[in-house]
Amino acid sequence: MDLTFHGRNQKTEPQVWVVTSGKGGVGKTFVSTSFALTLSKLGHSVLLVDLDLSGANIHTSLGLKPSHLNIRHYFEGQKALHEITIPTPHPRVSYIQGYWDTWAPADLSPVNTTHLFQDLKSLKYDYIIIDSGLGASEKYLEIFKAADEKIFVTSTEPTSIEKTYRFIENYICYSLKEKTSAESYAGLLKTLRNHRQGLLDQPFSFKSYLKESEGFTLEPFLNLSKQPIRLVVNSVRSHNFATLGYSIKSVCYKYYDLNIDSIGCLDYDNAVWQSINNREHVLLSQPFTPLAGQFLGMCKHLIDPEELRAVV
Amino acid sequence: MNTETASPRYNYYEILEVSTNAAQHEVTTAYERARSTYSGENPAIYTIFSEREARELLLLIEEAYSVLGNKTLRNIYDQRLLGHAAQNQDLSYQSILQASRQVFTEAKAEAKRPAFQKDADFEKQIATQSTWTGDFLKKVREYKNITVDQMSQKTKINSYYILAIEEMNPSHLPAIVFVRGYVVQIAKELQLPEKAVADSYMAHYKQVTKS
């Protein structure tokens, strides 16, 4: 089979995938770099963008030295994106270095984000993968919302799962905020707070609340399910957690009326930390790790879900 | 989440999160996943559902699977949920269960219906009959609409012997003790008083063998 030809090449506009998480240390950067390497193996050209304002480390994950040519130049208006793109030793993979030599990170206001996405979309790549910062702060939510594919990484620990739900709640509210007046939005937040404290006599459902309350329409909420969050469960150490992704999906459906897509879980593999200690990426130092197959499955699912459909 | 009256708000397919045309094995997989999500210490429900809420959800899940996991109940449910007269159909668990019982009692009644035409005169003759010969056994068997083959299948007696008993033909039959056993079997199958029948028949049979 010819892996190098996959149709997307004729399209001029790149697909932007954003990878984020609720909690730090769950493997955001690992997942974004692995997606980039897997997509490049499938014959696509990929640009990795390090947008983690709390400190860049994509270069370390790929085994490269940090560059002084970084995204600071773009946000300060000195250079265009294509001028700060750095090629890597891996075929078809380039990257944009994140902040590491400034102590006053740029303001990623919504306007800035819109510009950034416009500029990214004009580049000639098949896929652009943004390694975003963690947590539900407004700047990251805006990037997440603008993405073509929204990839969310969680580990199996309760701390991480708890933050997953907090992120999803924030994401729903943030998406509804701009579609309504400040008053109606405050009303929604108040109802949600009462719901959390168990003060409502009626069961809360986003669907029925948005239908019945003034100032809201149902459509923006339904659109969230049409472009679902893609959930990746990382560092699964026991088979008990193999179905955690489905469980979280089910909880989101029952509690928020929200459809998310559980695209897979990644086994815990000691090879990962061993490789990073040697400043190597595990998919390159140990290309036959089970993780490689798991990433391949996820990428194929995101590129073309029809192709993977099982025939039973 | 209101779970008491959830049936109208969520149908069973929504509870198990499968599509209405899901294959039976997909329903089972979905049920197993749902059960593991809402029972025990699954971290996925942490900070979202309280223990009580999870238990209530679990009850609903069990109820949904007891209908969708059973082909007959699922058929009835599908007809009510998706059929042409989908409005105002009773989708409650009790009503589905009741409907399925109706299906099955009808089927049983059909099986029990007698397969022959009753004849009062002949019934009376059977009741008062004291001399039992092969001829009369044949008459009763034919009256009750049982063929020799069917009789052979029920009693496990070779059809060749059954015919010989009805003809009272000793040259086709084994020793006398076996014959008595066969007659008892046939009489039982024809719902006759087997002792009286066998005694009377054997008395006649001995006369035949002597002559």
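Strands, helices and the A–B contact

Me: Which strand does β1 of chain A pair with, and in what sense?
Reply: Strand β1 (residues 15-21) of chain A runs parallel to strand β6 (residues 149-154) of chain A, and five bridges join them. Two strands pair if DSSP finds at least two bridges between them. Helices (H or I, at least four residues) and strands (E, at least two) are DSSP runs, numbered from the N terminus.

Me: What kind of model is this, and how are residues and chains labelled?
Reply: This is a predicted model, in which local features need pLDDT of at least 70 and side-chain atom pairs count only at pLDDT 80 or more, while totals for chains, interfaces and linings use all residues. Residues are numbered from 1 along each chain as its sequence is written, and chains are lettered from A and ligands numbered from 1 in the order in which they are written.

Me: Back to β6(A): which residue there is the bridge partner of Val19(A)?
Reply: The partner is Ile151(A). The C-alpha atom of Ile151(A) is also separated by 13 Å from that of Ser34(A), the two residues being 117 apart along the chain.

Me: Where is Ser34(A), and why does it count as buried?
Reply: Ser34(A) is in helix α1 (residues 28-41) of chain A. It counts as buried because it has 27 C-beta neighbours inside 10 Å. The cut-offs, with C-beta atoms placed from the backbone, are 20 or more other C-beta atoms within 10 Å for buried, 12 or fewer for exposed, and partly exposed in between.

Me: What is Ser34(A) in contact with, leaving aside neighbours within four places in sequence?
Reply: Ser34(A) is then in contact with Leu283(A) and Phe295(A). Contact requires that the C-beta atoms, placed from the backbone, lie within 7 Å.

Me: What is the strand order in the eight-stranded sheet?
Reply: The sheet is open, with mixed pairing and the order β3-β4-β2-β5-β1-β6-β7-β8 in chain A. β3 (85-87) and β8 (261-267) of chain A stand at the edges with a single partner strand each, so one side of each has no neighbour in the sheet.

Me: How does β4(A) pair with β3(A), and with β2(A)?
Reply: β3(A) and β4(A) are antiparallel over three bridges, whereas strand β2 (residues 46-50) of chain A and β4(A) are parallel over four bridges. Ile96(A) in β4(A) is the bridge partner of Thr85(A) and of Val49(A).

Me: Which way do the residues of β4(A) point?
Reply: In strand β4 (residues 93-96) of chain A, Val93(A) and Tyr95(A) point one way and Ser94(A) and Ile96(A) the other, and all are buried. In a regular strand the side chains alternate between the two faces of the sheet.

Me: Changing topic, how many residues are in contact between chains A and B?
Reply: 16 residues of chain A are in contact with 15 residues of chain B. On the chain A side, α6 (158-177) and α10 (244-256) each supply at least two residues, and α10(A) gives the most, with nine.

Me: And in chain B, at what angle do α9 and α11 pack?
Reply: Helix α9 (residues 148-155) and helix α11 (residues 176-189) of chain B pack at about 110 degrees, with their axes 10 Å apart. Axes are lines fitted to C-alpha atoms, for helices over the stretch in contact, and angles run from 0 to 180 degrees between N-to-C directions. α9(B) and α11(B) are therefore roughly perpendicular, a class that covers 65 to 115 degrees, with under 35 roughly parallel, over 145 roughly antiparallel and the rest oblique.

How values were computed: Two residues are in contact if their C-beta atoms, placed from the backbone, lie within 7 Å.
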